[in-house]
Amino acid sequence: MNSPVKNWREAKKLHIYPGKKGKIVTWTNVFVAPNGFEHEVPYKVAIVELLDGQRITAQVTDSDRDVEIGQKVIVVIRRIGKQNPDDVIEYGIKVKPL
Amino acid sequence: MKIHVAGVGLTRFGELWNKSLEDLAMEAAGQAISDARIDKQKIGAIFVANMLSSKLYGQDHLGAVVTSALGINAAALRVEGACASGGLAVHMAVQSLLSGMYEHVLVVGVEKMTDVLPSLITTALSGAGSEDERRAGLTFPGLYALMARMHMQTYGTTREQMAAVAVKNHFHASLNDRAHFQFEISIEKVLTSPTISNPFTLFDASPISDGAAAVVLSSKPIKKGVVITGSAVATDTIGLDKRKNLTELTATTIAAKKAWKQSGVGVKNIDVMEVHDCFTIAEIMAMEDLGFCAKGEGGRFIESGQTRLGKKLPVNPSGGLKACGHPVGATGIKQIVEIVQQLRGVSGKRQVSGAKVGLTHNVGGTGATVVVHILQK
């Protein structure tokens, strides 16, 4: 569901995350994607524990390397999925291996 | 608690191109009503379990869809709790009987899934998880894969042990004429099938199926038969990343504890059970979380063979979600139907001899909702 208002509301929460570091708790490599993500397969998704103890769920980006449990990562802002030409582009958090 | 299961009904599960959602619901409901030998006008309320008809067909208001097809004016409503919709609907029906408001109620679980493209189904099913998980592009295989990898890392659970779940459940389904996949597979077949979400391959996953199941429940016995003696629901965080422990479904342990207390039976009394094996790791975790083996031993427990038909503790004699099929809203009710037939002693080639006490375990999402029922002869 792409809603400009929802995107605006969600985007306001993002600023606290970029630059935060953490470790991969567990991960998977997705080969069968939902709508909007088909062009990215296979892509890696991880649950990451940040240094402050908070856990987040995010795609692993900017790397073709295999990842493993315990891998150190940093949070970055990236475009999320693929929208229709008329829709507002959605941004969110992903993690980049360090 | 003593709720009588007066009648049961079950359609074939599979890719049923020539049957609509309404056709399936009516087939199962009709069987359950005639099995109960009850006049349909005596049904006080109908609970319809379904997850996806709004998203896939734009059809809401399923309570009235079923009553209009049945030609009755009873109270009717839809119950939704992702893949636990069926178990939840039975739980609601039990409550309605315990309240004394109704004497006989019908529970129908139905899902029609094979009319649309897999990417739409994958998207629709992701509604069972959290917003953050959808934004990360996670799918249901992906979410259970996150737990599977953690289980492998923590307890040394192997791919072969996971594959053993699929092999066993396909064997059981090969004896079930209602099952989606009525054929056997090998460990090698599971391990070499295409990867869907690492570490899972295609054969770790339950299929996308059409089907329906129904039960008539009564507060007073119509005839001597099976009774529900425990009906428990527990919940947990909707998203996995809010949980400390990713190798167990805490809601399963809580629901099981409640169900043991209600029914007065325990792990040692269970003769047969249907558990929620949406992915192979889920059956391994269910064995541990329900208390049938120690935490971390689930893989070895399944691999030992004792949960196969003919052995000590048969698990998923129907073939489970994995091989009998997983029409989401129908699943929790199909589990009840299978256990009722086992306790009645009418399961034919799949009969667990002398079964007196059975359990069903139905999970919504990644364990955000869990329903456990205890049934006794």
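Predicted model: local features only at pLDDT ≥ 70, side-chain atom pairs only at ≥ 80, totals over all residues.

Biologist: To which strands is strand 2 of chain B joined by bridges?

Modeller: One partner is strand 3 of chain B, residues 75-79, which runs parallel to strand 2 and is joined to it by five bridges. Another is strand 4 of chain B, residues 104-111, also parallel and also joined by five bridges. V48(B) illustrates both pairings: R78(B) stands opposite it in strand 3 of chain B, and V108(B) is its bridge partner in strand 4 of chain B.

Biologist: Let us turn to helices. How do the axes of helix 8 and helix 11 of chain B cross?

Modeller: The axes of helix 8 (residues 159-173) and helix 11 (residues 280-289) of chain B come within 8 Å and cross at roughly 95 degrees. Angles of 65 to 115 degrees count as roughly perpendicular, and these two helices of chain B are therefore roughly perpendicular to each other. Helix 8 brings Q161(B), M162(B), A163(B), V165(B) and A166(B) to the contact, where they meet T280(B), I281(B), E283(B) and I284(B) of helix 11. By class, the residues of this contact are six nonpolar, two polar and one charged.

Biologist: Which residues of helix 1 of chain B meet helix 3 of chain B?

Modeller: From helix 1 of chain B, E22(B), A25(B), M26(B) and A29(B) meet V65(B), V66(B), A69(B) and L70(B) of helix 3. Seven of the residues in this contact are nonpolar, none is polar and one is charged. The axes of helix 1 (residues 21-36) and helix 3 (residues 62-70) of chain B come within 10 Å and cross at roughly 65 degrees, and the crossing is right-handed.

Biologist: How many residues does each chain give to the contact between chain A and chain B?

Modeller: Chain A gives 25 residues and chain B gives 27. On the side of chain A that touches chain B, strand 1 (21-30), strand 2 (43-50) and strand 3 (55-60) of chain A each supply at least two residues. That side has 14 nonpolar, eight polar and three charged residues.

Biologist: Where do strands of the two chains pair?

Modeller: Strand 1 of chain A pairs with strand 5 of chain B, residues 195-198, in the antiparallel sense over two bridges. In this pairing, N29(A) has N198(B) as its bridge partner.

Notes
Residues numbered from 1 in each chain as written. Chains lettered and ligands numbered in written order. Pairing = 2+ DSSP bridges. Helix = DSSP H or I, 4+ residues; strand = E, 2+ residues; numbered from the N terminus. Axes fitted to C-alpha atoms, helices over the stretch in contact; angles between N-to-C directions. Parallel < 35°, antiparallel > 145°, perpendicular 65-115°, else oblique. Contact = placed C-beta atoms within 7 Å. Nonpolar A, V, L, I, M, F, W, Y, C, P; charged D, E, K, R; others polar. Left-handed = near helix turned anticlockwise from the far one by under 90°.
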